Amino acid sequence: MSAEVGQFALILALLLALVQSVAPLLGAHRGDAALMALGRRATLLQAAFVILAFGCLAYAYVTCDFSVALVAQHSHTTQPLPYRFAATWGSHEGSMLLWVLILAIYGGGVAFFNGTLRETLRARVLGVQGVIATAFLGFLIFTSNPFLRLDPAPPDGMELNPLLQDPGLVFHPPLLYLGYVGFSIAFCFAVAALIEGRVDAAWARWVRPWVLAAWIPLTCGITLGSAWAYYELGWGGWWFWDPVENASLMPWLLGTALLHSALVLERRGALVSWTILLAILTFSLSLVGTFLVRSGILTSVHAFAVDPRRGVYILGIIGATTGLSLALYAWRAPALHAGALFQGISREGGIVLNNVLLAVLCATVFAGTFSPVFIEMANGDKISVGPPYYARVFAPIAIPLLALVVFGPMLNWKRDNLRAVLMRLRIPAAIAGVALLAALALGGVKGAVTAGGLAVAAWLLAGSAAILGRRWWAQRAYLGRAIRTTPRAIVGLTLAHAGLGLLTLGITGVTAWESDKVLSMHPGDTVAFAGRTLTLEALDNVQGPNYQARQARFRVEGQGAPYILESERRFYPTAQSQTTEAGIRVGPLGNLYVSVGEESPSGLVVRMWNHPLIIWIWLGGFTMALGGFVSLSDRRLRLGAAVKPAIKVQPVAAE
Amino acid sequence: MKRILFLAPIVGFVVLIGVFFAGLHRDPTLLPSMMIGKPVPQFDLPPVRPDGPGFATADLKGEPALVNFYASWCVACRVEHPMLMRLRAEGVPIHGVDWKENETGPGYQWLEMRGDPYIHVGDDRSGRTGIDMGVSAVPETFVVDKRGVVRYRHVGAITPEDWDRKIGPLMKKLQAES
């Protein structure tokens with residue numbers, strides 16, 4: 001029964017989305033308040049029906065209703081409850097339903113909040129949002145219906161891919177989608193502004209919380225995805241430049257640029273058309289991310305729905321939304337008022353440089369991801385672009401950007417003096433210099449790159465601390481009050497930039513000092529590795545809820561108290577597949593990572609890695625997201641733009 | 001002049017979308033190989049396993065078999081590997097070509113770590129054999145009949161579905177051929 005309810009709810013949602021795309025745009029054009037109000041109601045109701053549809057599918061999964069074809073394909077009675085629930089979005093159709101769900105919730109958010117939003121602007125935002133919702137609901141219903149029945153129903157289902165049965169999967173796709181889809185709101189604001197022909201500081205104020213609300217989960221999602229790949233795929237890497245990873249990185253880079261340029265627009269009324277363009281491109285790249293995974297145009301681990309017909313539909317959606325919005329941009333943007341002027345050395349100048357570097361970074365990732373497609377087009381050859389390309393092209397642009405990050409918050413708006421800025425940064429510079437010299441003294445000239453990385457990390461951390469330090473030092477007479485009254489936006493900024501420092505620390509550490517070893521071991525064998533000794537104590541068979549495992553227990557001594565590390569290979573009989581569950585000892589100074597392979601008469605193949613400082617990569621990512629969160633909680637953002645009260649004209653008594 | 005600047009994004013985008021559309025219809029997984037219906041090109045590769053046999057064209061005569069191109073640096077191959085182990089356990093003859101490694105060792109370590117599904121496995125360091133066969137990226141698998149003629153090319157990891165729908169039935173048919 002639930003499948004039919006869900007199906008019906010989706011169809012109603014599609015009809016409501018059609019109303020939502022027509023009524024408010026027409027209402028705003030004619031100045032008809034009733035039509036605009038209809039748009040709002042349609043948006044909220046559409047969100048309610050999509051939530052209902054999603055609930056129906058989740059219910060079918062949780063109750064193992066195998067008469068629903070999708071459930072039979074991706075669930076099994078022995079699968080633990082949380083994974084039966086997470087399987088709701090483990091398939092192509094389910095993940096598209098999740099996409100639409102998040103789109104509907106964001107749309108509902110715009111309809112519900114933003115009390116001070118200009119009514120015509122809100123109506124246009126909702127209208128544009130309705131067009132996107134219509135396109136994706138149509139995609140879902142016509143090409144990827146999640147509610148198809150299976151007759152006769154099988155007694156038990158096939159299993160969800162065991163690689164995906166992990167706490168990481170429960171959170172990773174929803175977070176990424178919250179990010180991707182969240183940028184749709186910035187996109188809608190941009191298109192609505194182009195339709196209205198009006199962009200001002202108030203517009204930037206309204207749009208910035210929405211950009212942040214998308215950026216935070218995207219940051220968390222990318223970080224979590226990297227951590228998941230690290231512990232689940234069993235070969236100890238944390239970033240692979242896989243096309244799908246790149247697809248999430250590109251909107252992140254542009255979204256970060258957008259976050260900063262919207263700040264300039266809000267504070268100084270400058271970078272108007274650039275900010276609009278960024279908003280359009282960020283969401284377009286999110287769509288390209290969806291498209292990449294689904295079209296089969298690039299093969300990768302993640303490509304779980306290779307189907308050219310769906311690709312054509314998605315490409316149509318991208319073509320229509322991005323194409324029309326860019327055409328609108330070419331037509332309307334030149335007429336937007338040019339912003340205030342500023343000098344090169346100023347906060348605005350710093351942010352322009354930040355934007356240029358982020359956009360170039362995004363372009364290099366784009367080129368790396370899509371050049372195989374272009375080269376194949378040109379001469380039929382297929383090539384793969386791997387980590388060496390990114391090491392050569394991405395890193396040389398990313399490193400100056402990291403070094404420049406510290407300058408931004410130290411610059412004054414409008415105009416500044418380079419010498420004065422350098423003076424403000426003398427303490428962080430000294431700390432970074434000491435770090436550089438210490439690392440060079442320990443590692444020699446051969447370790448120059450490592451020393452440079454450590455110095456940049458120290459520079460970022462000290463430079464971020466200096467933001468708060470300078471502020472509090474200036475008000476040291478009232479330190480308590482100074483700390484209490486620090487705006488959360490500033491705390492958020494400090495955290496986000498410091499997170500970048502932690503990330504740099506982790507990347508430098510693991511790149512410079514990683515070591516590994518492969519050998520065959522029998523129970524009782526001992527091996528020395530990276531300052532520790534590992535003893536293979538036992539090799540057992542273990543029965544899990546829906547898998548059998550071959551588990552190796554290691555006793556690790558040295559570097560603190562001895563401990564036991566378990567590493568196993570799991571076999572999932574229903575899915576007929578195997579996963580590696582590495583044994584990982586996590587520590588602030590480094591991880592010990594042990595994965596086991598095949599057994600043979602010469603012993604069990606064991607591969608061990610020492611990953612110094614790697615944990616800081618993810619802690620850095622989460623710190624950045626936390627910074628965004630703290631900033632989002634700032635009162636000034638929540639309250640929205642201050643609207644000048646209209647001057648009330650006292651009715652003059654008739655004489 | 002300023003107008004042209006604002007037109008640049010849409011022009012760039014139109015070019016891109018055109019290429020993507022063309023790319024969709026040239027989906028590599030749908031493209032038949034140049035090799036289909038032709039005998040496997042001549043090759044004689046050194047062994048990957050220090051104590052094992054190499055892999056040469058002559059090894060492909062007699063029974064239908066899969067020729068799987070893999071590499072230790074390939075991500076999708078890791079996903080595909082358990083499937084190959086399953087097929088091997090079911091008695092499907094599979095030969096391997098370790099494609100474009102930088103050095104000796106990783107290709108063999110791969111087999112040691114994850115299990116060895118191959119009867120013959122050859123080291124194609126230069127990538128020459130792969131190019132002769134029209135390999136575009138690993139993993140890629142060819143179905144070769146008992147006369148040594150390429151009958152099917154599969155691009156990307158073999159999933160249980162691919163096996164049940166396409167490759168498995170084809171292998172059955174080839175085994176029945178006289």
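Tutor: A residue is buried if 20 or more other C-beta atoms lie within 10 Å of its own. The model discussed here is predicted.

Student: What percentage of the 655 residues in chain A is buried?

Tutor: Chain A has 655 residues, and its secondary structure consists of 20 helices and 9 strands. By the count of C-beta atoms given above, the buried part of chain A comes to 50%.

Student: What is the hand of the crossing of helix 15 and helix 16 of chain A, and how many nonpolar residues does their contact have?

Tutor: Helix 15 of chain A passes helix 16 of chain A in a right-handed crossing. Residues that meet there include A:Ile431, A:Ala435 and A:Leu436 from helix 15, and A:Leu454, A:Ala458 and A:Trp459 from helix 16. The contact has no charged residues and 3 polar ones, and the nonpolar residues number 16.

Student: What span does helix 1 of chain A reach from its first C-alpha to its last?

Tutor: Helix 1 covers residues 2-30, which is 29 residues. At 1.5 Å a residue, 42 Å is expected, and the model comes close to this with 41 Å.

Student: Which residue just after helix 1 of chain A takes a positive phi?

Tutor: The phi in question is about 70°. The residue that takes this value, just after helix 1, is A:Gly31.

Methods
Residues numbered from 1 in each chain as written. Chains lettered and ligands numbered in written order. Predicted model: local features only at pLDDT ≥ 70, side-chain atom pairs only at ≥ 80, totals over all residues. Left-handed = near helix turned anticlockwise from the far one by under 90°. Helix = DSSP H or I, 4+ residues; strand = E, 2+ residues; numbered from the N terminus. Contact = placed C-beta atoms within 7 Å. Nonpolar A, V, L, I, M, F, W, Y, C, P; charged D, E, K, R; others polar. Buried ≥ 20, exposed ≤ 12 C-beta atoms within 10 Å, placed from the backbone. Expected span 1.5 Å × (residues − 1).
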